[in-house]
Amino acid sequence: MSYHLFLHQPTTPSNLIYSSSSFSSISILNSTNSYQEMENSLVNHETELNLKATELRLGLPGCDEVNKLQCNFSILRSNKRSSSEISTEVDSMSKSKLNTSNGSEITSHDDQDNAPPSKAQIVGWPPIRSYRKNNLQQKKGESEVGMYVKVSMAGAPYLRKIDLKFYKSYSELLKVLENMFKCTFGEYSEREGYNGSEFVPTYEDKDGDWMLIGDVPWEMFMSSCKRLRIMKGSEAKGLGCF
Amino acid sequence: MDHSFPQKVLEHLFSFIDSNKDRNAISLVSKSWYEIERRSRKKIFIGNCYAVSPTTVIKRFPELRSITLKGKPHFADFNLVPDGWGGYVYTWIEAMAVSVPLLEEIRLKRMVVTDESLELIAKSFKNFKVLVLISCEGFSTDGLEAIASNCRNLKELNLQESEVEDLSGDWLCYFPDSYTSLVSLNISCLNNEVNLSALEALLGRCPNLQTLCLNHAVPLDKLPSLLSQCPQLVELGTGVYSTEEMHPDVLSSLITAFSGCKQLKSLSGFWNVLPSYLPALYPICSRLTSLNLSYAIIQSSDIVKLIGQCPNLLRLWVLDYIEDVGLEAVAASCKDLQELRVFPSDPSCLELNNALTERGLVSVFKGCPKLQSVLYFCRQMSNAALSAIAQIRPNLTRFRLCILEPHTPDYLTLQPLDSGFGAIVEHCKDLQRLSLSGLLTDRVFEYIGTHAKKLEMLSVAFAGDSDLGLHYVLSGCENLRKLEIRDCPFGDEALLANAAKLETMRSLWMSSCSVSYGACKLLGQKMPKLNVEVIDESGPPDSRPDSCPVEKLYIYRSIAGPRLDMPGFVWTMGDDSSRKLELDVAGVEAQFRNL
């Protein structure tokens, strides 16, 4: 008669059709102790629950607690922790040795000093399904390959293509464009754009809007630029003036 | 006493009772109620496929029509359960193929399903209607071919988040022309293209279709023609939501297609979004009750523009691109919101992100009186925010907070987050599910044990100081069914002192903790109704001293005894045939008596 209890998961112990002595008799530690006594003794020995008395150790023989934590998961050092707030917060409060901070503050992990800087990795953390992780990577995967964009120029019958990945800044990009199309852009200013130049470098972003090259931070430009166009000064009037 | 109630009357009464919880209660009243109930139960839910054998289930419930089975432990979702652990459904299908030919519905979660299982389902159950495989694996599109060819009455085929070996997109063609009963199709997990013309034809001839979740391989410009075949759709998962370049005619045909779907209430998909196509959704936003943008890499402003038009939203899943400002907009627009999930866009990035903080979460709680279920990934939290949430929203039932960096304290006070979570369990008396994170001491477990009386599932990681923490939870949480713990300093004492508790729970998972092999053996020996499984990929635990901690431990109650399908890295404790084991156990037991 008792087996069906498991199928419907009784909500409280009082629903179990067990003999009333079952709780105390199942006490592993000492069959004469009641459950309540067990609880009391645990509470009383709050500071002594380190099992030293029974010589059961918390780790492999010969290991201490630090090593045990290290055995449990592998951590590689992070190189993205540029914010010093993170390292002080976590380091001062953290009890475990697993947290890493800027490379210069690590003293105890000699074996990791020579490891190439990489992100900290804990297996299965944060708790995100691999299905979700894999599907989010798609977007990132695209940018690993190369960022080719078409470049057109007013009055020129041909299109060119360049790989934006090669350039680290606007000045590099503009110099290349100037060379490629044998033109000059003049000085860029935030307020005036390329006012006075015969040719103006512009780009179309993801929303279909045409912008002046240089209007937004480089990172944002890289992720939103769809194609480039070198417009005539007159064509570009109105761009960048808000 | 029940002789005065004819059996037929009781049968009729019981036929109105659907919930398994209620039926379980009914079956406890008396022997005759037990008999009447079991002969009429059609729907079975088995939370752990190893808790009971298929034969036992079939024998008790001969009128079985619908079965739900769960296999691997929840932490398998995060790669903590090694491949090959188990959860095979084949023995269940085999047994039911013989004894339950009228079976109509199979719903599985985290199980291994082979093509043979699918083929067996396809040919054994003539009236088969529903196949739901959530987070399953082990099968290919060949198995789907068998289902499509043979299941004439199939209403639902749902492969949500399963891993399918995608051999060919032509499996869809195996639905015969005479097949018209499809109501729900979810193929969002498939990697490759499906045969689009077969799909379109299928949609066209199934007038009852309500749910369609496409995979990312379905191009956006095909979506309007697909939708025109099934304008009666209630739930849609788009494929990829962009084209290489923005085409105004794609946008206008999308607008027409969406406007034609007058019943559409739920949207998901949105892989690779091109924001210029989002306005296509504006005409239907006011009807939306569920919106899943958790794969959409779009900026906060675009999200806000969309959500601002969805006043009837009950459920919102989104990436942290929404930022605090976006969540404030949600708080202002979505007054009926019940469930919110915010996922991290870049989980491995450790930099503090000031755009999505605890402030966004608090604002949603402040603005949405019906919010009861939350999953929130962020990088900072404070006790003040958690206490505020607890007091604003005592009707919270599911609260899962994941602060990305383990051991992160309250960023304002640098204290542990014990009091914040303590406030949550104290005020939210109906809390059923809780996931903890951040810097936590034993204190938080004391609060949980004291207050979380309705708590059924608790997930713990990188928390606590000692066995006391585990003891508080096991001894205090009366309704606890599932407990999963990783990387906490919990060891033998609390586990052994609360052994009896484990029989009242579905399961306990502990990995990277401090439970010794000796304690596992002892537990397995003393508790025959528990399966105590040690998972250790570094070799047999016998080859190390008993005091060594086990890698992973999975304990679950079972009336089926130890399972027989374990891989080489899983050992069940308490196998009586081992004499040496008994001697070891006696030694450890003696040590524990001295405490």
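Here is what to select, and what you'll find at each stop.

First, the ground rules: this is a predicted model, where local features need pLDDT of at least 70, side-chain atom pairs count only at pLDDT 80 or more, and totals for chains, interfaces and linings use all residues. Residues are numbered from 1 along each chain as its sequence is written, chains are lettered from A and ligands numbered from 1 in the order in which they are written, and side-chain values use heavy atoms, with hydrogens and water left out.

**Stop 1: chain A.** Colour chain A by secondary structure and you'll get nine helices and five strands; helices (H or I, at least four residues) and strands (E, at least two) are DSSP runs, numbered from the N terminus. Follow the chain along its sequence and the order is α-α-α-α-α-α-α-β-β-α-β-β-α-β. Of the 242 residues in chain A, 39% are buried (under 20% relative accessible area; exposed is over 50%, partly exposed in between, with a 1.4 Å probe and protein chains only).

**Stop 2: Tyr188(A).** Now pick Tyr188(A), in the loop between helix H8 (170–181) and strand S3 (199–205) of chain A. Beyond neighbours within four places in sequence, Tyr188(A) is in contact (heavy atoms within 4.5 Å) with Gly193(A), Tyr194(A), Leu212(A), Ile213(A), Gly214(A) and Asp215(A).

**Stop 3: charges over rings.** Select Arg132(A) together with Tyr295(B): the charged end of the arginine sits over the tyrosine ring, 4.5 Å from its centre. The test is NZ of Lys or CZ of Arg within 6 Å of the ring centre and within 35 degrees of the ring normal. Then jump to Arg563(B), which lies over the face of Trp85(B) at 4.3 Å from the ring centre.

**Stop 4: two helices in chain B.** Finally, show H12 (residues 323–333) and H13 (residues 358–367) of chain B, which pack at an angle of about 5° with axes 8 Å apart. That makes H12(B) roughly parallel to H13(B) (angles under 35 degrees). Show side chains at the contact, including Leu327(B) and Ala331(B) of H12(B) and Leu361(B) and Val364(B) of H13(B).

Key: Axes fitted to C-alpha atoms, helices over the stretch in contact; angles between N-to-C directions. Parallel < 35°, antiparallel > 145°, perpendicular 65-115°, else oblique.
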